Amino acid sequence: MHPTLHAYVALSAILFAIGFFGVLVRRNTLAIFMSLELMLVAATLALVAFSRFNGTEDGNVFVFFILTVAAAEVAVGLAIIVALFRRRQTVQVDQLSALKN
Amino acid sequence: MADFMFLLLAVFTVGCALAMVCLRNSVNAAMCLLLCLAGVAGLMVQLDAFLLAFLLILIYAGAVMALFLFIIMLLDLRVGAPISRKNIGLVSGFFSGALLIAGVASLIVHDRVALPAQSLPAPVGASLKGYADSLFTVYMLPIQVIGFLLLISMLGVIVLSQRTPHSE
């Protein structure tokens, strides 16, 4: 008995929701960024599951591109965080409120 | 057997994801994300996408998480802030997460997730030849664009990490 597509889609939705919760709730920029990565991985899992159960290759190939974009995103994002830390000496989002007023 | 493995990996992955979101210590959170990624890679093995599972371990768990840990050490953030004290953040987080899950659950309950065949089709993602075939024929242009994207992001990181005169 193989688990169904529904189980995989539900699991990826749960992972995505946890990541989204983390993005909204955490105040450390790095933790927010890690939650973003979790959301990307959840979407990846859904793509692979749909691809497997439909018998097509396209979803799997799309995951390739997602992995590449995620790697580029992480590199640039972490560089921005390091530049921000150099300038402001903090990575807490509630202390980075230059645009607030 | 496959069902049991799925259940085990699913519980493991969700538990690690929850721990990642809730732990204060950034290093522990990164380690939990690493375990969570390993669980997702196991799920991909269950789905017969062996190459993708390998790439997930190699790129995410290897390169990206090492970069994260390096930055955490560099900025010395071992004790992070607790999760948001403001109620509005917690409430909105819970609500939006619950809404997302409820949306997908309603799709599943009303059977809107298309299932073309009841029997499982042959695993197309299991062979490397299939990937090579589609990557170098149908998806040739996206491959080139992705290559440029990587080049541009590399240049962007170099520019961002230069010391500008007013950053001191």
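The report that follows takes up confidence, then the interface, then a surface patch.

## Confidence

This is a predicted model, and the predictor assigns the complex an ipTM of 0.90 together with a pTM of 0.88. For chain B, the mean pLDDT is 85, and 86% of the residues in that chain reach 70 or more. Where pLDDT is low, the predicted coordinates should not be read in detail.

## The interface between chains A and B

The size of an interface is often given as the accessible area lost when the parts come together. Between chain A and chain B the buried area is about 7100 Å², with carbon and sulfur atoms giving 78% of this area. On the side of chain A, the residues that lose the most area to chain B are A:Arg26, A:Met34 and A:Arg52, which together account for 11% of what that side buries.

## A nonpolar surface patch on chain B

On the surface, B:Phe148, B:Leu151, B:Ile152, B:Met154, B:Leu155 and B:Ile158 form a nonpolar patch, and their accessible area together is about 610 Å². Among them, B:Ile152 lies in helix 6 of chain B, which covers residues 140-160. B:Ile152 counts as exposed because its relative accessibility is 54%, where the cut-off for exposed is over 50%.

Technical notes. Residues are numbered from 1 along each chain as its sequence is written. Chains are lettered from A and ligands numbered from 1 in the order in which they are written. This is a predicted model: local features need pLDDT of at least 70, side-chain atom pairs count only at pLDDT 80 or more; totals for chains, interfaces and linings use all residues. Side-chain values use heavy atoms; hydrogens and water are left out. Patches are made of residues with over 30% relative accessible area and no salt bridge: like charges are joined within 9 Å, nonpolar side chains (Val, Leu, Ile, Met, Phe, Trp, Tyr) within 5 Å. Accessible areas come from the Shrake-Rupley method with a 1.4 Å probe; for residues, only the protein chains shown count as cover. A salt bridge is a side-chain nitrogen of Lys or Arg within 4 Å of a carboxyl oxygen of Asp or Glu. Helices (H or I, at least four residues) and strands (E, at least two) are DSSP runs, numbered from the N terminus. Buried means under 20% relative accessible area, exposed over 50%, partly exposed in between (1.4 Å probe, protein chains only). pLDDT is the predictor's confidence in each residue, from 0 to 100. Buried area is the accessible area (1.4 Å probe) that two parts lose on being put together, summed over both.
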